[in-house]
Amino acid sequence: MSDEVEVRTLLARLGAALVAAGQPVNEVEADLQEVGTALGFPDAQIAAAPTGVTLSLAVGSPSTFAANPGTLRLDQASEVREIRHLIARGRLDPPAATARLLAVRDQAPRHPAWLGTLGWVICPPGIALILQPMWSSVAVATVAGIAVTALVRLSQRAPRFTALLPVVAAFVVACIVFAAARHGLVEAPLRTLLAPLAVLLPGALLVTAMAELVTGHMVAGTSRLGYGLVQVLLFTLGILGAARLLPLSRADFANVRINDIGWYAAPLGLVLVTLAIALLESPPPRLVPWIFVVLVLAFGAQVAGQALGGAVGGAFLGALVAILGSYAVESVVPRLARLVVFLPSFWLLVPGSLGVLAATQVAVDPTADADVLGVVGIVAAIALGLLLGAAIAQGLGGIARRRSVARRAGD
């Protein structure tokens, strides 16, 4: 009985940590099923949700619930993935695994606080170089990014402020950008103001919700989607407040990309975004080059897809290549965390940014040519790309494993 209690507790804590790391619930349930089988409980009953995990070791046996402990950094997510790998391979027993999981929440960032702050500061100009490659936009995005950094630090010290962060951050950033636009410093300011907000926008949340809905996890997908849409509306409300305070012409709210820097803007932006991820999320140093590789692959595929099939084609191909690239990295270095390598690509696929942009255009001018349905199509295309990429990668992985087993049997 004590062994069952230990295993049940371990699986519940592991599942909650996987949810906190950002995995869709279908992947969480599959991972826990694999670990449960490795521990001698192949009939485990698992129900994962965004708020936590409920499970029992067999039909009719006692169940337990473990709540989502809160969003994990990439270094913490990597540690959780390592623990799951060791348990599934029989290299870590339940008591030791539980102790390591409990220690993950208290794991300190790899870098001192001032380097984390630097990561917040250099991320907006990096994204601006990709979204709106103008030196004036990069400069304004940097200033606005400093303001967002101060607000994020304030929310960390005053948790009650966290719920207001989307509205306040969007309002402050929009005021800075709109004031710059009124003085002729930036053109097409909507894309400029998205850069400082991109890290806060719920892009990964929206796409995860769509993926869960497609795979039949209706409760998890619907709850995530609802929460993500509310976040988009909160950001939009902040931008609208700034637009009322510092009104601009309707033409200023057009979704126009202007490139007066040149071809090297995007590569430089990718380098800055990778460096920001390394400082903000503290991934193990061995993961940083792989994160950069997947970012480059996702961005290149997105650009190629846009040339071939517009925004929806770019979203689909970018997501497809990003997930295939992360699976490829995991196959080359099995103990690296695929999710940790993959998640930063959402900063480039920016479905949350597009949602805020379209909602703002419609709210400012109901007659504006804002393709809201197109945004839904882009989110759906990203989700489809993820699902197709995962299916292809898992199919190829299964073939490779069967060939490896057959080769060993022949020897």
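## A buried threonine

Buried means under 20% relative accessible area, exposed over 50%, and partly exposed in between, with a 1.4 Å probe and protein chains only. In this predicted model, local features need pLDDT of at least 70, side-chain atom pairs count only at pLDDT 80 or more, and totals for chains, interfaces and linings use all residues. Residues are numbered from 1 along each chain as its sequence is written, and side-chain values use heavy atoms, leaving out hydrogens and water.

With a relative accessible area of 1%, threonine 192 is buried. You will find threonine 192 in helix α8 (residues 189-197); helices are DSSP runs of H or I with at least four residues, numbered from the N terminus.

## Around threonine 192

Leaving aside residues up to four places away in sequence, threonine 192 touches Gln132, Ser137, Val140, Ala141, Val177, Val186 and Glu187; contact here means heavy atoms within 4.5 Å.

## Cysteines

Cysteine 123 is buried at a relative accessible area of 1%, and cysteine 175 is buried at 15%. The structure holds 0 disulfides, a disulfide being a pair of cysteine sulfur atoms within 2.5 Å.

Technical notes. Helix = DSSP H or I, 4+ residues; strand = E, 2+ residues; numbered from the N terminus.
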